[in-house]
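Trainee: I am new to this one. Can we go through how its strands get their labels?
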Amino acid sequence: MIARPNVIESFANGRERHAHGTGEFPCGAFAGALSDFLGGGVERHWHPDFEFFVLGEGSAMLVLTDRELRLGAGDLVLINSNAIHSIAPLDGCAGRFRSIVCATSVLAGDAGGVISKRCIGPLCRSGDTAWLFPAATNAIEMVSFETSFSAFEDESPGYELRARSGLSAIVSRACLGDVVSARRRSSSQERALRLMLEFISSAYGRHLTAEDIAAAGGVSVRECQRIFSALLGQTPGEALLERRVSVARGLLAYSDESMASIALACGFSDQAYFSRRFKRICGCSPREYRCGMRSGVENAKSR
């Protein structure tokens with residue numbers, strides 16, 4: 001079965017909340033448009049699984065902690081386990097995509113086996129956050145992806161083997177190291193970043209200082225600023241504002257709370273300040289955003 005999500009639900013530390021697939025076969029397939037997600041793209045998150053992502057049209061930007069990868073139509077990217085990432089469409093396109101998110105254990109097999117020890121384990125622990133397979137030069141890998149994705153469309157007996165076979169072929173290329181990769185930064189920096197993002201995500205409604213955020217990661221304020229700049233390309237304050245606006249978007253779209261209540265709940269000092277910051281990031285006022293989201297829902301219901 002192909003799921004069609006429009007939101008990524010995550011825990012406070014950014015880890016995606018829901019498991020993929022089933023307990024017996026933790027591997028799931030997804031399809032849709034990046035523009036359908038709340039906020040116009042897949043917000044920053046991470047999961048312990050591999051993700052195989054194919055952009056179907058236009059262009060999109062995959063943002064990792066170490067670099068940005070511009071994706072074109074037909075490009076395939078393998079995102080490593082535990083890599084913090086977000087994806088947004090570019091140039092006004094919808095960003096239609098297909099993806100498969102797969103637990104590493106599905107491909108690794110027995111924890112003590114040769115595939116786990118020599119291939120999957122080292123790949124997960126490598127210095128790479130993602131591997132890009134451009135459409136123009138990786139037709140074989142796209143055939144492998146199609147084999148796996150089509151298996152989820154019918155789920156006929158043995159589909160798990162067909163899905164695993166195609167994904168294993170793609171991972172084997174990454175293991176060989178002959179594809180474009182994005183290098184991971186210091187693992188200690190990533191651990192500190194996750195702690196600080198967890199703190200921001202759980203305490204966004206309070207008045208927070210740079211000292212508060214740095215303390216959550218067990219680093220100095222200067223190191224905190226360096227980590228956010230190097231891994232996310234933003235300041236701690238910008239990350240905090242991004243989180244507050246993200247929560248506000250959800251409340252505007254799915255609750256009947258007043259603007260003043262939402263502003264206070266999301267950590268803004270007053271409604272006017274909330275409106276200014278929201279408009280600067282989203283390009284419209286909170287009220288306009290709420291009206292647009294609700295009219296979109298009504299239009300979808302009428303079709």
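Trainee: What makes the residues of strand E7 buried or exposed?

Mentor: Buried means under 20% relative accessible area, exposed over 50%, partly exposed in between (1.4 Å probe, protein chains only). Leu76 and Leu78 point one way from E7 (residues 76-79), Val77 and Ile79 the other way, and all are buried. In a regular strand the side chains alternate between the two faces of the sheet.

Mentor: This is a predicted model: local features need pLDDT of at least 70, side-chain atom pairs count only at pLDDT 80 or more, and totals for chains, interfaces and linings use all residues. Residues are numbered from 1 along each chain as its sequence is written, and side-chain values use heavy atoms, with hydrogens and water left out.

Trainee: How do you know that E4 and E7 pair?

Mentor: Two strands pair if DSSP finds at least two bridges between them. Strands are DSSP runs (E, at least two residues), numbered from the N terminus. Four bridges join E4 (residues 50-55) to E7, so they count as a pair, and they run antiparallel. Phe53 has Val77 in E7 as its bridge partner.

Trainee: Why are E3 and E6 called edge strands?

Mentor: An open sheet runs in the order E3-E8-E5-E6, with antiparallel pairing. E3 (42-45) and E6 (68-72) each have a single partner strand, so one side of each lacks a neighbour in the sheet.

Trainee: What makes E5 and E6 partners?

Mentor: Five bridges join E5 (residues 59-63) to E6. The requirement is at least two, so they pair. Ser59 stands opposite Gly72 in E6.
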